[in-house]
Amino acid sequence: SPPEEVEDASEPIKRDRSHLENTLKLNEEKPADDVSGVLQRLRKIYHSSIKPLEHSYRYNELRQHEITDGEITSKPMVLFLGPWSVGKSSMINYLLGLDNTPYQLYTGAEPTTSEFTVIMHGPKLKTIEGIVMAADSARSFSPLEKFGQNFLEKLIGIEVPHKLLERVTFVDTPGIIENRKQQERGYPFNDVCQWFIDRADLIFVVFDPTKLDVGLELEMLFRQLKGRESQIRIILNKADSLATQELMRVYGALFWSLAPLINVTEPPRVYVSSFWPHDYHPETHRDLFLKEEISLLEDLNQVIENRMENKIAFIRQHAIRVRIHALLVDRYLQTYKDKMTFFSDGELVFRDIVEDPDRFFIFKSILAKTNVSKFDLPNREAYKDFFGINPITSFKLLSQQCSYMGGCFLEKIEKAITRELPDLLGSIGLGKKPNVLSCDVTGCSETPKNRYRKP
């Protein structure tokens, strides 16, 4: 009868949330993994074996990335990207059960999120200004200060007392608006996105099946995601708003428009569902959508479980880059000393070397060293800028960076890369139950397989 329909419209049916609680193990009163001991050892290795070389050769001026203690101890970060009004904020509200609470993220048909919103754990609900977040060095967000005051006004933190946030941090980003110039935002939007992309453990790129326009800003974003393909998950949200046949067409169209942007052998995993608390539309594939949602939650759980392994691997990767940078600066300096005579003009001699490092085999000689991949070598052009700010004479040779008590900087970082960090990784592996990575837990059968690779 008509009156009932009116009542239905005012109060949509909510979906059962028990699968969320179960998959993310939110009700388990399990003791937190003993990560604090491992984190202390990781910090010690970083401060004693990696940081001295980083400082001595001013690595952060090349990469603009110095690792803070906050970053070493931070939780895994999940980043939500995508066009405006595709349901990114609604999805976070749904995962955390924030709907109809004072702290739900604003949602709506028009572009609602204009800030970068960091949702993290705290004892009680509260909002933190970006300027305060950047000033607190214990948090991992202090490096964001370099993007300027305009950006910090667009950064906001929300603390929520939720079990899931004890183990992970969510970041909601302003939607991509295809016809808007970056300058209109008043801060370097792409650079800020890149900062979060570089640190995210999982990147959800969310799409709405009713508006799949892949324009310039989205193309730019996918260019920035190069090299992070294993962290990307694509979400076709609001899937119950289309009939099945139409949904199949949209799924095909999405892959068609993304194929040129993601050229990897294995396509990223695509999840098709409706991530919000309301019940699925009748006559749509409820079972499929629920299965897809559980797979996505298992994916998220896997990232949380592998938190320490990822952290150690990240620090080791950083150490490898710092070592290569130190070897290169040392080589530039050695070449400079060899070419200098009593009568030469130091600046001209060095300009020659910086302009054409290949003539002096600078990069080739580094590749001859052990454990250096040509794919890890920085860009030659970057060194023109680097030495433009840092005169070659302000550096010391690696052979002079040794002390009787402390040993040599280079030996210490090599020991960290080849022995200490792998040992630390091994020590976690031993403590883990061997069946944690079984397919029932992680849904690993969901990952697309490469048909051409031998098992």
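Q: What makes Arg58 count as lying over the face of Phe395?
A: In this predicted model, Arg58 is placed 4.8 Å from the ring centre of Phe395. The cut-off for a charge over a ring is 6 Å from the centre, together with a limit of 35 degrees from the ring normal. The distance falls within that cut-off, and Arg58 is therefore listed as lying over the face of the Phe395 ring.

Q: Why is Arg58 called partly exposed?
A: Its relative accessible area is 25%. Buried would need under 20% and exposed over 50%, so Arg58 falls in between.

Q: Which ring does Arg380 lie over, and at what distance from the ring centre?
A: Arg380 lies over the face of Phe363, 4.3 Å from the centre of that ring. That value is within the 6 Å cut-off for a charge over a ring.

Q: How do you know that Asp358 and Arg380 form a salt bridge?
A: Their closest N and O atoms are 2.4 Å apart. A salt bridge needs a side-chain nitrogen of Lys or Arg within 4 Å of a carboxyl oxygen of Asp or Glu, so this pair qualifies. Asp358 lies in the loop between α14 (346–355) and α15 (362–367), whereas Arg380 lies in helix α16, so the bridge ties together parts that are 22 residues apart in sequence. Asp358 is partly exposed at 44% relative accessible area, and Arg380 is partly exposed at 34%.

Q: What makes Arg359 and Asp356 a salt bridge?
A: The closest N and O atoms of Arg359 and Asp356 are 3.8 Å apart. The limit is 4 Å, so the pair is counted. Arg359 has a relative accessible area of 48% and is partly exposed; Asp356, with 33%, is also partly exposed. Salt bridges link Asp352, Asp356 and Arg359 in a network.

Q: What joins Lys238 and Asp208, and which parts does the pair tie together?
A: Their side chains meet in a salt bridge with an N to O distance of 3.4 Å. Lys238 is in the loop between β7 (232–236) and α11 (244–258), and Asp208 is in the loop between β6 (202–207) and α10 (216–224), so the pair ties together parts 30 residues apart in sequence. The whole structure has 11 salt bridges.

Q: Why is the pair of Trp195 and Phe196 called edge-to-face?
A: The structure has 19 aromatic pairs. In the pair of Trp195 and Phe196, the centres are 5.1 Å apart and the planes are at 85°. Trp195 and Phe196 are both buried.

Q: What makes Tyr383 and Phe386 an edge-to-face pair?
A: The ring centres of Tyr383 and Phe386 are 5.9 Å apart, with 70° between the planes. The distance is within 6.5 Å and the angle is over 60 degrees, so the pair is edge-to-face. The two residues are three apart in helix α16 (residues 380–389), and therefore about one helical turn separates them. Both Tyr383 and Phe386 are buried.

Q: How do you know that helix α9 is mostly covered?
A: Eight of the 11 residues in α9 (residues 189–199) are buried. Among them are Phe189, Trp195, Phe196 and Arg199.

Q: Why is Gly227 called exposed?
A: Gly227 has 66% relative accessibility, and exposed means over 50%, so the term applies. Gly227 is in the loop between α10 and β7.

Q: Which residues line the largest cavity, and how many are nonpolar, polar or charged?
A: The lining consists of Phe222, Leu225, Lys226, Glu229, Ile232, Leu261 and Ile262. Five are nonpolar, none is polar and two are charged. The volume of this cavity is about 30 Å³.

Terms used:
Residues numbered from 1 in each chain as written. Predicted model: local features only at pLDDT ≥ 70, side-chain atom pairs only at ≥ 80, totals over all residues. Heavy atoms only, no water. Phe/Tyr/Trp six-rings, centres within 6.5 Å; stacked < 30°, edge-to-face > 60°. Buried < 20%, exposed > 50% of the residue type's maximum accessible area, 1.4 Å probe, protein only. Helix = DSSP H or I, 4+ residues; strand = E, 2+ residues; numbered from the N terminus. 1 Å grid on protein atoms, 1.4 Å probe; cavity = no way out; pocket = protein on both sides within 12 Å on 5 of 7 lines; lining within 4 Å. Points joined across faces, edges and corners; volume = space filled by probe spheres on them. Nonpolar A, V, L, I, M, F, W, Y, C, P; charged D, E, K, R; others polar.
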